[in-house]
Each structure stands twice: as C-alpha cells, then as structure tokens.
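Here is my notebook page for today.

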Amino acid sequence: EALANTAKHSGAKKVNVSVWITSDRVLLEVRDDGRGFPIEKMTTTIGHGLSNMQTRARAVGGEVDIVSAPGEGTTILAWVPRGLKPLNG
C-alpha cells in the first residue's frame with residue numbers, strides 16, 4: 001500500500017524500503033523524496049490507502065506512523081508484533 005501510494009501520488013524519484021526485526025516486532029519503513037503533503041490535513045483528508053494501512057496494522061496489535069511535509073517527501077513507519085497468526089485462520 002505504501003509503495004502504491006508513492007507511485008501514484010508522490011512524484012518521487014527515489015524510494016527507500018527498510019525492514020528491521022527485533023525480538024518482539026517487525027518494523028517496515030518506506031521513505032520517499034516526493035512532494036509530500038501537509039500532515040495536519042491527514043486526519044480530515046486521509047486517503048483510503050493510508051487508512052487501510054492503519055486499520056490492518058491495528059487489527060494485529062501494531063501501528064503506523066506517517067511523517068510528511070510539502071516538498072519534503074513522506075516516511076511511513078509500520079510495525080507489528082512478531083509471531084502473529086494469520087487473520088483468516
């Protein structure tokens with residue numbers, strides 16, 4: 001979802017994807033050098049993609065943090081607990 005949003009909306013020339021695994025979490029960071037957006041408008045105009053990421057992470061006990069500003073790109077950091085069972089059984 002983060003990469004699809006980057007490709008569709010950001011105008012980025014570069015995207016970095018990093019994954020870290022700790023004893024209790026898996027973390028994913030997607031950082032782009034695109035146009036960014038005013039983060040204060042996110043709560044009123046949040047797109048379906050960003051909302052879906054937050055919903056999915058929270059459904060398994062995780063979280064998504066989004067940092068962005070016009071002209072400064074966007075960073076999405078998502079984490080979920082390790083050792084999860086699939087949601088559909």
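I began with the neighbours of Asn5: leaving out residues up to four places away in sequence, Asn5 touches Ser10, Gly49, Leu50 and Met53. Contact here means heavy atoms within 4.5 Å.

A note on what I am looking at: this is a predicted model, where local features need pLDDT of at least 70, side-chain atom pairs count only at pLDDT 80 or more, and totals for chains, interfaces and linings use all residues. Residues are numbered from 1 along each chain as its sequence is written, and side-chain values use heavy atoms, with hydrogens and water left out.

Is Asn5 buried or exposed? I found a relative accessible area of 16%, so Asn5 is buried (under 20% is buried, over 50% exposed, partly exposed in between, with a 1.4 Å probe and protein chains only).

Next I looked up where Asn5 sits, and it lies in helix H1, residues 2-10. The chain has 3 helices and 4 strands, in the order α-β-β-α-α-β-β along the sequence. Both are DSSP runs numbered from the N terminus: helices are H or I with at least four residues, strands E with at least two.

Then I turned to the whole chain. Of its 89 residues, 30% are buried. Taking contacts between residues at least 6 apart in sequence, I noted that 53% join residues at least 24 apart.

My last entry is about a ring. The charged end of Arg25 sits over the ring of Trp79, 3.9 Å from its centre. For this, CZ of Arg or NZ of Lys must be within 6 Å of the ring centre and within 35 degrees of the ring normal.
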